[in-house]
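Okay, thanks everyone for coming.

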Amino acid sequence: MLRDGAMYFGAIVIANLANIFTFYFGDVLLSGLISWFTTSLSVTLLSRLMLNIHETGSAGIDSTMADTPELETLRFSMSGRTVGGGEESHGRDL
């Protein structure tokens, strides 16, 4: 993860420096030309970084859930209510 973060940071710094240099040292037509590329690169690399973080964080979740036998059994208890919503008397006088 450190390597991915460092590569992301390095690529963004280089792209932003190129963008700054075109603003200050470029002519009117060249000024801001690289900003579209810098924005697209930033969004793409950040998305890849977040996907890598998500993949690393959820690597052990699927393997531990499949090995749990208690999740396969579901038991219901009987209540004192009937299907229609009324209560059963169970020997009581109403």
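Predicted model: local features only at pLDDT ≥ 70, side-chain atom pairs only at ≥ 80, totals over all residues.

So, α1 and α2 pack with their axes 9 Å apart, at an angle of about 170°. An angle over 145 degrees counts as roughly antiparallel, so that is what α1 is relative to α2. And who makes the contact? On the α1 side you've got D4, G5, Y8, A11, I12, A15, N16 and N19, and α2 brings S35, T38, L41, S42, L45, L46, L49 and N52. Sort the residues of that contact by class and you get 8 nonpolar, 7 polar and 1 charged.

Now, staying with α1: which of its residues are buried? Those are D4, Y8, I12, A15, N19 and T22. Part of what covers them is α2, residues 35-57.

An unreviewed UniProt entry lists residues 7-26 as "transmembrane region". In the model, that stretch is 95% helix and 0% strand, with 27 Å between its end C-alpha atoms.

Stepping back to the chain: it has 3 helices and 0 strands, running α-α-α from the N terminus. Of its 94 residues, 11% count as buried. And if you take contacts with a separation of 6 or more, 46% of them are between residues 24 or more positions apart.

That's my bit, thanks!

Note on methods: Residues numbered from 1 in each chain as written. Heavy atoms only, no water. UniProt positions renumbered as here; feature names shortened; annotations may be inferred. Helix = DSSP H or I, 4+ residues; strand = E, 2+ residues; numbered from the N terminus. Buried < 20%, exposed > 50% of the residue type's maximum accessible area, 1.4 Å probe, protein only. Contact = heavy atoms within 4.5 Å. Axes fitted to C-alpha atoms, helices over the stretch in contact; angles between N-to-C directions. Parallel < 35°, antiparallel > 145°, perpendicular 65-115°, else oblique. Nonpolar A, V, L, I, M, F, W, Y, C, P; charged D, E, K, R; others polar.
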